[in-house]
Amino acid sequence: MLKLTITQRIAVLLMLVATIPVLFIVAIIFTLGNFTPSSEVSVFGVLSIVGVLMVLCIIVPLIVAHRSGRKLSNQITTLLAKSTPISQLDNQIFTVDELERPDEVGDIARTLASAHKDVQELMQNVRADGNKLEVVLNSIDQGVIAVDGNSNIVVVNTAAAVLIDALPKDIIGDKFQSIFNWTHNKQPFHINLDSHIVNTEVELVSPQGKHHFLDLLASKIENDPNNIRAIITVRNRTEQRELENMKIDFVSMAAHELRTPITSIRGYLSLVANDETSDLSKDGRHYLERARTSSLHLVGLINNLLNVARIERGAFKMNKTQVNWSDVVRTTLNDQAISAEEKSINMTLVVPDKDVYVYADVMAVQEVINNIVSNAIHYTTEGGNIGVEVRSSDDGMVSTHISDDGIGIPEEARERLFSKFYRVHEHLDGGNGGSGLGLYISKSIIELHGGKIWVQSDDRDGIGTVFGFTLPTFDGVKHEGNNKHKGLTTRRGWVTKNITR
Amino acid sequence: MDGLPKILLVEDVASIVEIYLSILNKHGYPVEVASTVDTALQKVTEFHPDIIFLDIMLPGGKTGFDALITLREDPSYNAQKTPIILLTNLGENEKIKELWEKYADGYVVKAEIDPHELVDIINSVNVSRR
């Protein structure tokens with residue numbers, strides 16, 4: 001299609017307007033038929049005049065059109081030039097002379113000025129919102145990543161980019177899964193972006209070899225108009241983890257330092273107590289036994305501190321083996337027999353006729369029994385009763401119930417019984433009780449075995465308390481790290497393999 | 001077995017050595033004591049123990065873990081099948097568990113036992129003289 005400039009269009013228009021009267025006159029002359037060529041005015045002369053008029057009708061409009069069209073075109077071009085580009089609108093004020101004109105060009109100029117101002121305001125608002133979002137995103141210490149339907153990164157903040165030694169602008173558009181190489185438990189971890197929620201701990205090694213320990217939360221976004229598929233947030237726990245490691249190292253070394261003198265104290269007490277040649281008085285033997293009990297108590301406290309530190313760090317690992325559960329319970333109760341005898345407490349054990357095997361960390365589950373039984377002894381009056389019963393069931397679990405007829409546990413205390421540092425009968429402990437950690441640790445141990453622990457009690461004196469816990473029975477499947485020895489000899493504080501090398 | 005097994009006690013804390021020696025001697029076990037890894041390795045070649053009680057935290061820059069790995073991997077000590085019981089009071093036991101599972105025949109948390117249990121521990125290990 002033929003495209004004409006404003007100048008050309010005006011020229012054509014003027015030519016048409018100018019030509020029409022000339023043609024009209026000629027048409028009238030010839031149509032009326034009263035035109036007779038004479039000697040003075042020949043046909044050729046008339047046609048010449050008409051031809052000149054026609055040429056003038058073409059040339060004059062062209063000149064006029066060109067000049068006025070060009071003027072108009074220049075004015076509009078100037079206006080357009082001052083109104084673009086949009087990207088440079090920020091700091092410009094739209095001021096042109098045409099704003100004062102009363103005609104259409106002035107109207108165009110004022111419309112453009114108004115649009116210019118609106119766009120400026122809009123851009124400032126958009127930019128301010130963008131800046132606010134950017135400031136917020138880059139100010140938070142959590143990493144934030146948004147990915148689109150193709151798993152490409154569309155938004156990422158500094159806290160996330162720095163994990164892989166990058167700047168946010170450098171990784172926008174990159175494939176999310178290929179640049180964030182998370183691992184979970186030392187295994188590559190691929191985030192399922194179609195899951196509604198993924199919440200886990202991951203480790204990330206940056207290209208420069210820096211290790212980051214992170215809490216990762218990925219949330220799926222449904223039907224987002226901007227095609228955002230998921231938002232991933234990561235909380236960097238590296239510093240916290242390093243501090244925890246330092247704490248664990250300190251507690252570990254402190255425990256070692258404390259255990260060494262305790263070993264000697266226990267050892268010398270044992271040597272004296274077992275020295276058949278010594279002539280210790282009855283009181284002397286009693287004092288010796290009290291010292292031995294106190295040293296054992298101290299050993300228990302140190303163990304609790306170590307175990308709580310491990311639980312808090314998530315490093316409380318179970319070294320499981322296949323064991324005869326009735327034997328474990330019997331052996332453990334023997335360790336408590338002396339304490340029970342001191343208070344003339346009658347302790348009984350009932351086990352199933354058929355051996356029950358569990359897959360457990362023997363020393364850890366022995367600690368559970370020790371914690372519960374020593375509590376039972378502590379809170380049972382002299383001459384009381386403690387009953388331990390092992391029950392196997394068809395649901396793949398073996399349950400152990402430890403009941404006493406002691407002072408019981410108030411209802412409000414039962415809910416908090418398994419929490420850290422909680423002690424039920426503070427006033428009864430007289431400064432000689434537990435640390436409030438035993439049941440907290442016991443719960444962790446049982447849960448790490450896939451079992452449950454509970455308490456039933458009544459605070460009416462004499463009704464007593466029943467603690468119960470379950471452990472999965474050994475399923476006969478050879479587990480990873482399973483005891484490859486035919487058996488272990490396990491006692492409190494030591495374990496040996498029953499093999500010949 | 002021809003008589004009681006020979007015991008090598010690798011331990012640097014004098015009081016613990018005194019207590020353990022007292023009990024082992026009382027039961028008639030032939031015992032040698034070493035307080036560093038180097039002397040322990042030397043005693044292994046000279047004394048040919050049937051059981052080694054090996055402390056982990058030892059002075060002199062080498063730990064009981066070093067001694068354990070050397071005795072298991074270096075056949076020149078002729079101790080690759082000698083029962084080794086780790087002695088420890090360390091709190092963090094992941095490495096101990098890993099190494100005892102792989103190389104040792106037992107481990108003892110010293111603060112947790114009555115020293116008279118040493119005899120039970122020796123008896124629990126199936127000792128065969130070479």
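Colleague: How many salt bridges cross the interface of chain A and chain B?
Modeller: The rule finds 0 there, a salt bridge being a side-chain nitrogen of Lys or Arg within 4 Å of a carboxyl oxygen of Asp or Glu. Keep in mind that this is a predicted model, where local features need pLDDT of at least 70 and side-chain atom pairs count only at pLDDT 80 or more, while totals for chains, interfaces and linings use all residues. Residues are numbered from 1 along each chain as its sequence is written, chains are lettered from A in the order in which they are written, and side-chain values use heavy atoms, with hydrogens and water left out.

Colleague: OK, which parts of chain A touch chain B?
Modeller: α7 (238–273), α8 (282–313), β15 (488–491) and β16 (494–497) each supply at least two residues. α7(A) gives the most, with 15 residues. Helices (H or I, at least four residues) and strands (E, at least two) are DSSP runs, numbered from the N terminus.

Colleague: And what does β16(A) pair with?
Modeller: Strand β5 (residues 106–109) of chain B, in the antiparallel sense over 3 bridges; pairing takes at least two DSSP bridges. Thr496(A) stands opposite Gly106(B) there.

Colleague: How much area do chain A and chain B bury?
Modeller: About 3700 Å² between them, 50% of it on carbon and sulfur atoms. That's the accessible area (1.4 Å probe) the two parts lose on being put together, summed over both.

Colleague: New topic: how many helices and strands are in chain A?
Modeller: Chain A has 13 helices and 16 strands.
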